[in-house]
Amino acid sequence: MTTSTIVLGIVLGLAAGVMSGLFGVGGGILFVPTLVALGLGQIEAQATSLLAILPTVAVGAANQHRYGNLRPRTAVIVGAASVLGVEFGARIATSLSETTLRRFFAVLLFAVAIQLVWRATRARARYPDSS
Amino acid sequence: MRLIAIGIVAGIFSALLGVGGGLIAVPLLVLFTQLPERVATATSLGAIGITALAGVVAYAYRGEVNFEYAALVGLPAAGGAFLGTMLQQRIRTQHLTYGFAVLLTGVGVWLLVS
């Protein structure tokens with residue numbers, strides 16, 4: 001790893017974290033492009049993103065548990081069931097080409113952008129004086 | 001039974017795209033379990049911890065996880081998320097949200113052409 005990669009990684013990681021907290025989106029949709037920008041391939045970036053989100057998720061989940069919003073039993077059932085889906089998803093992802101996977105990811109970003117605009121516009125229609 | 005189905009769908013989505021899966025789990029929880037949105041979001045965070053860990057194991061087994069890069073990006077991000085959540089309580093994010101949506105669209109276009 002070169003010094004410029006380290007500096008860029010820290011800056012982009014910090015920025016991705018701030019934005020995920022600020023806009024209530026998961027870190028993954030920002031980490032994958034960040035890791036691609038740092039030179040990783042699409043599948044490696046996605047796999048690495050799953051590890052990179054863990055510290056943020058752990059801090060967030062602990063905070064939400066303290067606020068009393070997190071239902072541990074539901075979380076464990078959904079999480080345990082997801083393990084089955086994960087193996088299936090990883091098989092699909094590794095069977096696709098890097099280009100196809102990257103296109104899927106781009107579509108995901110567009111979908112999140114549309115959802116954010118829709119949510120913000122709806123909130124504004126409901127509370128017109130708050131903007 | 002519903003929770004198990006939601007978990008499986010979120011797991012596929014998460015491993016396929018390298019994201020937590022909250023994007024799909026939160027609306028499904030709100031729709032099918034009558035949990036309020038705030039509770040659904042918080043609960044999905046707990047589930048994502050397990051989902052992402054399973055994803056790391058599945059991909060590490062295939063040799064695709066880069067541990068150095070995960071630490072390089074993930075550790076500053078945890079600090080950043082703490083800061084972002086604090087800022088969210090203090091400033092109105094509505095206008096910023098539009099800018100963020102434009103940024104995401106730009107990143108998507110960059111991925112398509114790169």
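In chain A, residues 24 or more positions apart account for 48% of the contacts with a separation of 6 or more. The model in which these contacts are counted is a predicted one.

The elements of chain A may be considered next. Its secondary structure comprises 5 helices and 0 strands, and from the N terminus on the elements run α-α-α-α-α. Chain A has 131 residues, of which 50% count as buried.

How the helices pack can now be examined. Two packed helices are described by the angle between their axes and the distance between the axes. In chain A, helix α2 covers residues 28–37 and helix α3 covers residues 42–67. These two helices pack at an angle of about 130°, and their axes are 8 Å apart. Angles of 65 to 115 degrees count as roughly perpendicular and those over 145 as roughly antiparallel, so α2(A) is oblique to α3(A). The crossing of α2(A) and α3(A) is right-handed.

Which residues of α2(A) and α3(A) meet? From α2(A) come G28(A), F31(A), V32(A), L35(A) and V36(A); from α3(A) come Q42(A), A45(A), Q46(A), T48(A), S49(A), A52(A) and I53(A). By class, the residues of this contact of α2(A) with α3(A) are 7 nonpolar, 5 polar and no charged.

Attention now turns to chain B. Its domain assignment gives domain 1, residues 1–65, and domain 2, residues 69–114. The C-alpha centres of domain 1 of chain B and domain 2 of chain B are 20 Å apart.

In chain B, helix α2 spans residues 22–33 and helix α3 spans residues 37–61. They pack at an angle of about 135°, with 9 Å between their axes. The helices α2(B) and α3(B) are therefore oblique to each other. As α2(B) passes α3(B), the crossing is right-handed.

On the side of α2(B), the contact is made by G22(B), A25(B), V26(B), L29(B) and V30(B). On the side of α3(B), the contact involves E37(B), A40(B), T41(B), T43(B), S44(B), L45(B), A47(B) and I48(B). How many residues of the contact of α2(B) with α3(B) are nonpolar, polar and charged? The division is 8 nonpolar, 4 polar and 1 charged.

How values were computed: Residues numbered from 1 in each chain as written. Chains lettered and ligands numbered in written order. Predicted model: local features only at pLDDT ≥ 70, side-chain atom pairs only at ≥ 80, totals over all residues. Domains from an automatic or database assignment. Axes fitted to C-alpha atoms, helices over the stretch in contact; angles between N-to-C directions. Helix = DSSP H or I, 4+ residues; strand = E, 2+ residues; numbered from the N terminus. Parallel < 35°, antiparallel > 145°, perpendicular 65-115°, else oblique. Left-handed = near helix turned anticlockwise from the far one by under 90°. Contact = placed C-beta atoms within 7 Å. Nonpolar A, V, L, I, M, F, W, Y, C, P; charged D, E, K, R; others polar. Buried ≥ 20, exposed ≤ 12 C-beta atoms within 10 Å, placed from the backbone.
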